[in-house]
Amino acid sequence: MASGDEKYRSLLRGDEEKNTKWRFGVPPNYDVVNKLFEEERTNVWPVGSLEERVQSLVKNFEMEMFHKISTTDFRTIDLNKFTFCLNGRKPLSIEETSKLGGYNPFLQTSIPEEYRYYNAAKETAASSHQAFTATFPRGFALEIIQVYSGPPDIVFKFRHWGYMEGAFKSHAPTGERIEFFGVAIFKVNENDIILGVEFFFDPGELLGKLMKGPCLDGSVEKAVSSCPILRNTG
């Protein structure tokens, strides 16, 4: 069950979520990743500051994207207007985004299919969740590094990080801290309801770092050695 004193995702508190359909049966518990976040974040934003408000909005948004089955249970977005866009690709509706599920909307790629070690188009929300929670047993923390502009077009830099203490698919754990940075734009209305999001970062940077350890077979090394993008990553 979700922790009763969840500090960073206000939508997990109160009675509003009592009828929510959760993807994994129960509300998520963020105690472990919150500990990592508090130990290693680079900034402690004052409560009520623009940075703290944006960080809260992003954490609540990601919680809903990863853990709610029905889009009608989403409270951070405008269901009729919302679009999701990664690196200038064709925007996705909330139905399309939710159907991909998990990390998959964030790991879309135009790399030829034979070079895709992680193929977001073929993964499910469940398989995506299993892969990353196994890889990062202490969680994959998120912090806002800088906010460049406030609403209605919120532009910010973010950092994601965790420790690869579990295998990523068939790739052995390295124990290293895996982190990447990106920029995002959240378009919101006067009530801070999200109308659209755009993320800009290199998924290959993340996947390349997850593929540094030895593999149980040679399939990944073959893909890396022949792929001009992954070959130069990590």
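Hello everyone, let's start with helix 5: its buried residues pack against strand 1 (83–86), helix 4 and strand 5. Contact here means heavy atoms within 4.5 Å, and buried means under 20% relative accessible area, with exposed over 50% and partly exposed in between (1.4 Å probe, protein chains only). Helices (H or I, at least four residues) and strands (E, at least two) are DSSP runs, numbered from the N terminus.

Before I go on, a word on the source. This is a predicted model, in which local features need pLDDT of at least 70 and side-chain atom pairs count only at pLDDT 80 or more, while totals for chains, interfaces and linings use all residues. Residues are numbered from 1 along each chain as its sequence is written, and side-chain values use heavy atoms, with hydrogens and water left out.

Back to helix 5, then. The helix covers residues 203–210 and is mostly covered itself, with seven of its eight residues buried. Those buried residues are Pro203, Gly204, Leu206, Leu207, Gly208, Lys209 and Leu210.

What do I mean by a cavity? On a 1 Å grid over the protein atoms alone, a cavity is a set of points where a 1.4 Å probe fits but cannot get out; a pocket is an open set with protein on both sides within 12 Å along at least five of seven lines; and lining residues have an atom within 4 Å of a point. Grid points are joined across faces, edges and corners, and a volume is the space filled by probe spheres set on the points.

How many cavities of 30 Å³ or more does the structure hold? There is one, and the largest cavity has a volume of about 110 Å³. By class, we find ten nonpolar residues, one polar and one charged. For the classes, Ala, Val, Leu, Ile, Met, Phe, Trp, Tyr, Cys and Pro count as nonpolar, Asp, Glu, Lys and Arg as charged, and the others, Gly among them, as polar.

Now for the largest pocket, which has a volume of about 580 Å³. Its lining has 27 residues, and Tyr30, Val33, His67, His129 and Thr133 lie nearest the centre. Two or more lining residues come from each of helix 1 (31–40), helix 2 (50–67), helix 4 (125–135) and strand 3 (141–149). Which of these gives the most? That is helix 2, with five residues. The lining divides into 16 nonpolar, six polar and five charged residues.

At 7% relative accessibility, glutamine 55 counts as buried. Leaving out residues up to four places away in sequence, glutamine 55 touches Phe37, Trp45, Glu143 and Ile144.

Lysine 59 also has its place in helix 2. Lysine 59 is buried yet has no salt bridge, and the nearest side chain of opposite charge, glutamate 62, is 7.1 Å away. Beyond its neighbours within four places in sequence, lysine 59 is in contact with Tyr8, Arg9, Phe37 and Leu142.

So where are the salt bridges? A salt bridge is a side-chain nitrogen of Lys or Arg within 4 Å of a carboxyl oxygen of Asp or Glu, and by this rule the count comes to 17. One of them joins glutamate 143 and arginine 159, at 2.9 Å from N to O. Glutamate 143 lies in strand 3 and arginine 159 in strand 4, so this pair ties together parts that are 16 residues apart in sequence. Glutamate 143 is buried at 0% relative accessible area, and arginine 159 is buried at 4%. Both belong to a network of salt bridges that links Glu40, Glu143, Arg159, Arg177 and Glu179.Another salt bridge pairs lysine 169 with glutamate 123, at 2.6 Å from N to O. Lysine 169 lies in the loop between strand 4 (153–163) and strand 5 (177–188), and glutamate 123 in the loop between helix 3 (94–100) and helix 4, so the pair ties together parts that are 46 residues apart in sequence.

Conventions. Lys, Arg positive; Asp, Glu negative; His and termini not counted.
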